[in-house]
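Trainee: I would like to go through the helix packing and the pocket in this model. Please set each term against its definition.

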Amino acid sequence: MNPLSEIGLIVGREVKKNLRGVKGIILLLLSLIGGTATSLMLVRYFRRKLEGVDPAAVREAQVQVFTDVFRDADMGKYLGDAPLSLVMMFNLCVWLAPALVWLASFDGISGEIQHRSIRYWTVRTRRTSFYLGKFFGLWATIGVITFAMHLLTWVVAIVEGHTSAGNVVSWGIRFWLASVPIIGAWCGLAVCVSSFFRTPLTSLLIVGFTFFFIFVVGSLTPAIIVSSSKNLDDTTAAVLSALYPNSYDRMLLSPSFEKVALGLLSCVLFGGIPTVLGAFLLKKRDV
């Protein structure tokens with residue numbers, strides 16, 4: 001087979017295995033029940049606070065909030081018309097992405113190495129194809145889970161009737177598509193780290209530690225620096241934030257094509273470099 005056929009074969013196997021297996025079903029149910037419920041409760045809370053307020057004033061408040069959060073007036077105006085429930089779901093999916101990737105990825109390659117099943121595949125497919133199939137299979141799995149979370153939120157938003165179905169679907173697709181590159185960035189790193197180990201438990205611990213370390217360096221530390229310096233444009237904080245894929249959401253959601261392109265490039269580099277490294281090292285290893 002050619003490499004694309006080999007990759008497609010592995011991807012199909014991974015998606016079926018992940019979504020049909022106990023682990024995949026549990027992740028899907030937890031995401032749908034816990035994630036969607038949390039998002040909807042937050043939306044209901046804010047709506048109760050805004051009962052009786054003029055819709056125009058609510059929109060202006062939403063524009064101001066997003067302008068302050070992203071420090072971008074154009075972004076504030078752009079997101080001012082977005083249904084609040086979909087904004088909440090997008091933020092929740094981006095926040096949950098590392099956890100979902102971590103729990104779904106830790107045994108992807110390490111489990112195959114531990115049980116020697118990798119030898120079955122590597123005599124039938126190229127090792128590079130095997131590795132890339134694992135990466136794209138994980139990416140597709142998490143993409144499907146997050147799409148299900150978004151879809152359930154769309155249905156609830158349409159049933160509630162606070163906005164039109166067309167507006168819900170339009171914004172919903174944009175939000176889900178903006179989360180996909182961020183998921184891919186985390187998947188690239190997770191598959192690379194997990195491929196170094198021969199036992200799933202070790203892989204689980206090391207991938208979890210790696211993700212936590214990135215969170216501390218790329219999210220928590222910049223927040224502390226900004227809080228201490230009182231400078232929202234602190235250079236050190238900006239550089240450290242670039243090490244945290246979830247921070248790319250402000251670029252991927254931007255109405256500016258240049259910023260979206262920069263966000264996509266950042267995700268490609270963050271996920272692509274570990275993927276190339278992992279595929280190269282797996283090709284050289286004795287498995």
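Mentor: Start with handedness. A crossing is left-handed if the near helix is turned anticlockwise from the far one by less than a right angle, and right-handed if clockwise. Helices are DSSP runs of H or I with at least four residues, numbered from the N terminus. By that rule, α9 passes α13 in a left-handed crossing. This is a predicted model, where local features need pLDDT of at least 70, side-chain atom pairs count only at pLDDT 80 or more, and totals for chains, interfaces and linings use all residues. Residues are numbered from 1 along each chain as its sequence is written, and side-chain values use heavy atoms, with hydrogens and water left out.

Trainee: Why are α9 and α13 called roughly parallel?

Mentor: Their axes cross at roughly 20° and come within 8 Å. Axes are lines fitted to C-alpha atoms, for helices over the stretch in contact, and angles run from 0 to 180 degrees between N-to-C directions. Angles under 35 degrees count as roughly parallel, over 145 as roughly antiparallel, 65 to 115 as roughly perpendicular and the rest as oblique. So α9 and α13 are roughly parallel.

Trainee: Which residues of α9 and α13 meet?

Mentor: Contact means heavy atoms within 4.5 Å. On α9, the residues include P181, I182 and G184; on α13, they include L264, C267 and F270. By class, this contact has ten nonpolar, five polar and no charged residues. Ala, Val, Leu, Ile, Met, Phe, Trp, Tyr, Cys and Pro count as nonpolar, Asp, Glu, Lys and Arg as charged, and the others, Gly among them, as polar.

Trainee: What makes a space a pocket, and how much space lies in the largest pocket?

Mentor: On a 1 Å grid over the protein atoms alone, a pocket is an open set with protein on both sides within 12 Å along at least five of seven lines. The largest pocket holds about 850 Å³, a volume being the space filled by probe spheres (1.4 Å probe) set on the points. Its lining has 31 residues, each with an atom within 4 Å of a point. By class, 20 are nonpolar, six polar and five charged.

Methods:
Helix = DSSP H or I, 4+ residues; strand = E, 2+ residues; numbered from the N terminus.
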